[in-house]
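Subject: Structure handover

Hello,

The structure is below, followed by notes on what was found in it.

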Amino acid sequence: RFTTYERCADERLPLVVKGDGRREPFSREKLMMGIQKACQKRDISVSEIEKAVSRIVRKLQELDRDEIPARNIGEYVMDQLADLDDVAYIRFASVYWRFDDISEFNRHIEELKRRKTRPRSKETT
């Protein structure tokens, strides 16, 4: 359930511009379902997923834009998943980037390893 504050905050969210140019209202539920699917059968609590979703929503609100490309939202999701769980990150990335072969998996695994060795920014916490 949403509180009045959450509904008002959601009203300030941008339209999502899909790859084919279509525009649709941002859906917190759709974002939550996508992250949950990536995290399926992983040791990640619903609370952790909800916090990740809230961080993404907050970022979108702070951008204060009328529209945002779906690609940007996907990148925000990947940033959150990289901090939550490596397997969930790779699952999401494989769908998001439409991996064609194992070399693409390897490239993203290497990128994930590099991310893990970099200092964390305050933006992802």
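**Helix H2 against helix H3**

In H2, the residues Arg28, Leu31, Met32, Ile35, Gln36 and Cys39 meet Val46, Ile49, Glu50, Val53, Ser54, Ile56 and Val57 of H3, where contact means heavy atoms within 4.5 Å. The residues of this contact comprise nine nonpolar, two polar and two charged; Ala, Val, Leu, Ile, Met, Phe, Trp, Tyr, Cys and Pro count as nonpolar, Asp, Glu, Lys and Arg as charged, and the others, Gly among them, as polar.

This is a predicted model: local features need pLDDT of at least 70 and side-chain atom pairs pLDDT 80 or more, while totals for chains, interfaces and linings use all residues. Residues are numbered from 1 along each chain as its sequence is written, and side-chain values use heavy atoms, with hydrogens and water left out.

H2 (residues 28–39) packs on H3 (residues 46–63) at an angle of about 135 degrees, the axes being 10 Å apart; axes are lines fitted to C-alpha atoms over the stretch in contact, and angles run from 0 to 180 degrees between N-to-C directions. H2 is therefore oblique to H3 (under 35 degrees is roughly parallel, over 145 roughly antiparallel, 65 to 115 roughly perpendicular, the rest oblique).

**Whole protein**

The protein has six helices and three strands (DSSP runs of H or I, at least four residues, and of E, at least two), in the order α-β-β-α-α-β-α-α-α. Of its 125 residues, 34% are buried (under 20% relative accessible area, 1.4 Å probe, protein chains only).

Regards

Methods: Buried < 20%, exposed > 50% of the residue type's maximum accessible area, 1.4 Å probe, protein only.
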